[in-house]
Amino acid sequence: MEEPGHVRYISRYPVKSMRGEELESVEIGLQGLPGDRVYAFVQEGVYSSFPWLTGREFAGLLRYQPAWEDAAPRPKLVVATPSGASLPIDSAELREDIERGAGRKVRLHSDHRGNHDIAYVSLITAATVKALAEAGGVAADRHRFRMNFVFESDLPAFSEPGWVGKVLRLGDVRLAVTEQDQRCLMITLDPETGEATPAVLKAAGQLNGAYAGVYASVLSAGRVTVGDSLVIESA
């Protein structure tokens with residue numbers, strides 16, 4: 001058993017390609033972080049296996065800030081637009097605002113299990129974030145990589161592939177690391193402005209075969225808090 005570091009940041013992303021929310025503590029279920037990737041906008045008339053509207057099609061989507069508001073009997077999601085409006089996620093006004101920016105028709109899609117590309121939980125070390133940022137010539141902003149957990153550790157950059165096939169423990173939660181996270185053009189986009197820096201993806205390719213971070217499935221549900229140890233349990 002190894003304890004090479006601790007949880008530094010916890011993030012969830014309520015809407016695919018929009019900004020995330022920072023959490024100090026979270027109760028994780030078998031389907032990951034509650035409220036993570038619950039919503040996405042789908043491009044009308046696109047019938048491929050990946051119909052989502054993302055920052056690749058409309059970089060301005062990265063400037064929208066969702067926030068969960070506690071309300072009985074269920075939380076509500078409100079989105080702050082780049083112009084400063086605060087709109088419910090299911091409002092026609094928000095959809096129309098996105099359509100004007102994207103130049104295409106979209107519709108809202110929701111799924112309580114989340115609209116994840118691969119798996120429910122994603123993890124990366126701060127060392128990997130720093131290495132890619134330095135190689136790509138950008139600020140070391142973890143939001144660029146859109147991961148649920150970022151770890152401070154003694155491990156060198158790109159150590160995460162060594163976790164595949166192993167079990168990690170964070171607080172009360174046990175995770176089975178299943179595969180590496182193969183990155184795409186999304187990591188070239190500045191998380192604040194949407195400006196593209198292709199050198200970031202090129203650096204990921206040169207340094208680690210275009211992979212950065214890993215995906216995991218939840219074996220045991222429970223609570224994770226910033227500061228909890230990263231424990232590598234087994235092979």
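Let's begin with the largest pocket, where β12 supplies the largest share of the lining, four residues. This is a predicted model, in which local features need pLDDT of at least 70 and side-chain atom pairs pLDDT 80 or more, while totals for chains, interfaces and linings use all residues. Residues are numbered from 1 along each chain as its sequence is written, and side-chain values use heavy atoms, leaving out hydrogens and water.

A pocket here is an open set of points on a 1 Å grid over the protein atoms alone, where a 1.4 Å probe fits, with protein on both sides within 12 Å along at least five of seven lines; lining residues have an atom within 4 Å of a point. The largest pocket holds about 530 Å³ of space. Its lining counts 27 residues, and Lys16, Arg37, Asp117, Asp181 and Tyr215 are the closest to its centre. Two or more lining residues come from each of β9 (121-125), β12 (173-182) and β13 (211-220); these strands are DSSP runs of E, at least two residues long, numbered from the N terminus.

Now follow β9 itself. Five of its five residues are buried, meaning under 20% relative accessible area with a 1.4 Å probe, protein chains only. Val121, Leu123 and Thr125 lie on one side, with Ser122 and Ile124 on the other. Strands pair if DSSP finds at least two bridges between them. β9 runs antiparallel to β13, joined by three bridges, and Val121 stands opposite Ala216 there. With β10 (residues 149-153), β9 pairs in the parallel sense, again over three bridges, and Leu123 has Phe149 as its bridge partner.

Conventions
Grid points are joined across faces, edges and corners, and a volume is the space filled by probe spheres set on the points. Buried means under 20% relative accessible area, exposed over 50%, partly exposed in between (1.4 Å probe, protein chains only).
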